[in-house]
Amino acid sequence: EVPEGHFEEQEELLNYTLINQIGEGAFSRVFRGIPQKNSPKAYLTRNFTEVAVKVIQKDPKGGSDKKSEETKKSTREQVLREVKIHKLISCGSGSSNLVQFVDFQESENYFYIIQELLSGGEIFGEIVKYTYLSEDLSRHIIKPLALAVKHMHQMGVVHRDIKPENLLFDQIKFVPSKKVKLRRSDDPTTKADEGEFRPGVGGGGIGLVKLADFGLSKQIHQTNTKTPCGTVGYTAPEVVRDERYSMEVDMWGIGCVLYTVLCGFPPFYDEKIDILTEKIARGEYTFLQPWWDEISDGAKNCVRKLLEVDPAKRYSIDDLLNDEWLNTYDSVRELKR
Ligand code: ADP
Ligand code: MG
């Protein structure tokens with residue numbers, strides 16, 4: 001009953017059948033796939049009836065431009081680095097909030113990264129485009145995200161690309177007790193409609209969130225934690241200096257996600273990229289009225305601590321996990337897990 005698609009990408013792919021495209025990134029197309037029975041790789045997928053297959057083209061389309069060779073090469077290095085890191089962090093008890101790594105294949109024209117499929121793939125990016133969430137629901141997104149980042153940081157890995165598109169919904173697991181407010185436009189100057197909106201309409205709920213996309217992730221030398229990750233004593237000063245605040249970029253990313261889910265638009269925005277860059281560099285954002293009027297001081301405080309320009313003063317992952325607002329008891333929480 002499997003409707004096989006006719007994808008070019010399928011021709012060079014063994015062991016998995018591509019069904020339909022479910023997502024797209026800057027250098028990738030992501031498909032829903034089914035592990036083929038009796039394939040030599042079947043042992044890898046005994047826990048999965050379906051998988052997500054991230055396909056990266058080796059020679060990107062339009063590769064005729066000047067640095068085609070270079071791009072190709074760096075793509076290869078990047079992909080192998082992504083796979084190495086994804087494998088590494090898929091181990092251990094804290095990995096349940098990360099999209100699981102399953103398998104990797106390379107063919108003449110493509111790289112294939114096979115991962116756990118998250119059925120609510122693109123939904124999250126869509127939700128934040130049109131709506132904002134209650135504080136309770138925001139906590140349910142930030143908490144698993146924080147646990148995912150905690151796991152990565154403990155293993156000496158920085159994600160470096162935390163944003164709504166890289167947060168994927170797990171299967172629907174609970175129904176929110178609070179109404180979600182719906183904004184019909186991503187233009188923050190239009191008034192948001194209040195109404196009942198349930199992400200995952202039909203299923204009637206919102207799933208747990210998992211962190212995905214390790215394409216920009218980086219393993220760093222551990223300078224101040226106890227994780228066994230190479231000998232620090234031999235690390236060059238410029239490396240230590242450069243990596244000193246690298247974990248903190250993820251905290252900033254979480255701050256941007258938190259701000260966005262709470263009000264429905266991002267903290268920093270300008271059509272001109274240089275002005276946007278300036279605003280970010282100065283940490284110039286506001287709790288814009290009227291959208292922030294009803295949001296609690298606890299939530300605002302949490303955003304402020306994450307969107308702190310000085311990385312030394314910014315919330316660390318442990319600060320965030322201990323944050324009072326994030327740990328506020330609410331009725332939805334009991335249903336979690
Ligand atoms: P890129 O590195 O090119 O940004 P991503 O890994 O972020 O690629 O994947 C691109 C998009 O594909 C995601 O934003 C998401 O919508 C979808 N996607 C990726 N991985 C999965 C997955 N495991 N399950 C469901 N959807 C996924
Ligand atoms: Mg991505």
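The largest nonpolar core holds 66 residues, and Val53, Tyr112, Leu145, Ile254, Leu258, Leu262 and Leu306 are the ones that touch the most other members. Helix H6 (residues 246-263) is the top contributor to this core, giving 11 residues. Keep in mind that this is a predicted model.

**Around the core**

**The five-stranded sheet**
- Five strands make up an open sheet, in the order E1-E2-E3-E5-E4, and their pairing is antiparallel.
- At the edges you'll find E1 and strand E4 (101-106), each of which pairs on one side only.
- From one strand to the next, the twist averages 25°.
- As a general point, strands of a sheet pair through backbone hydrogen bonds, either parallel or antiparallel.
- Six bridges join strand E2 (residues 28-35) to E3 in the antiparallel sense.
- To line up that pairing by eye, look for serine 28, which stands opposite isoleucine 56 in E3.

**Lysine 54, the annotated position**
- Lys54 is listed by UniProt under "binding site", in an unreviewed entry.
- Where does lysine 54 lie? Lysine 54 belongs to strand E3 (residues 51-57).
- Is lysine 54 buried or exposed? Lysine 54 has 24 C-beta neighbours inside 10 Å, so it counts as buried; the cut-off for buried is 20 or more.
- Not counting residues up to four places away in sequence, lysine 54 touches Ser28, Val30, Ile113 and Gln115.

- Once residues up to four places away in sequence are left out, glutamine 21 touches Arg29, Val30 and Phe31.
- For a sense of scale, 47 Å separates the C-alpha atoms of glutamine 21 and glycine 233, which are 212 residues apart along the chain.

**Helix H4**
- Helix H4 (residues 135-154) has 20 residues and reaches 28 Å from its first C-alpha to its last, close to the 28 Å expected at 1.5 Å a residue.
- Why is H4 largely enclosed by the rest of the structure? Because 14 of its 20 residues are buried.
- Lysine 143 and asparagine 97 are 46 residues apart in sequence, yet 9.7 Å apart in space, C-alpha to C-alpha.
- After H4 comes glycine 156, with a positive phi near 80°.

**Threonine 235, in a loop**
- Threonine 235 has its place in the loop between strand E11 (218-219) and helix H5 (237-243).
- Threonine 235 counts as partly exposed, because it has 15 C-beta neighbours inside 10 Å.
- Its contacts, leaving aside neighbours within four places in sequence, are His221 and Val240.
- Threonine 235 and aspartate 310 are 75 residues apart along the chain, with 24 Å between their C-alpha atoms.

Methods. Residues are numbered from 1 along each chain as its sequence is written. Chains are lettered from A and ligands numbered from 1 in the order in which they are written. This is a predicted model: local features need pLDDT of at least 70, side-chain atom pairs count only at pLDDT 80 or more; totals for chains, interfaces and linings use all residues. Helices (H or I, at least four residues) and strands (E, at least two) are DSSP runs, numbered from the N terminus. The expected span of a helix is 1.5 Å times one less than its number of residues. A residue is buried if 20 or more other C-beta atoms lie within 10 Å of its own, exposed if 12 or fewer, and partly exposed in between; C-beta atoms are placed from the backbone. UniProt positions are given in the numbering used here, feature names are shortened, and annotations may be inferred rather than shown by experiment. Two residues are in contact if their C-beta atoms, placed from the backbone, lie within 7 Å. A nonpolar core is a set of buried Ala, Val, Leu, Ile, Met, Phe, Trp, Tyr and Cys residues joined through C-beta atoms within 7 Å. Two strands pair if DSSP finds at least two bridges between them. Axes are lines fitted to C-alpha atoms, for helices over the stretch in contact, and angles run from 0 to 180 degrees between N-to-C directions.
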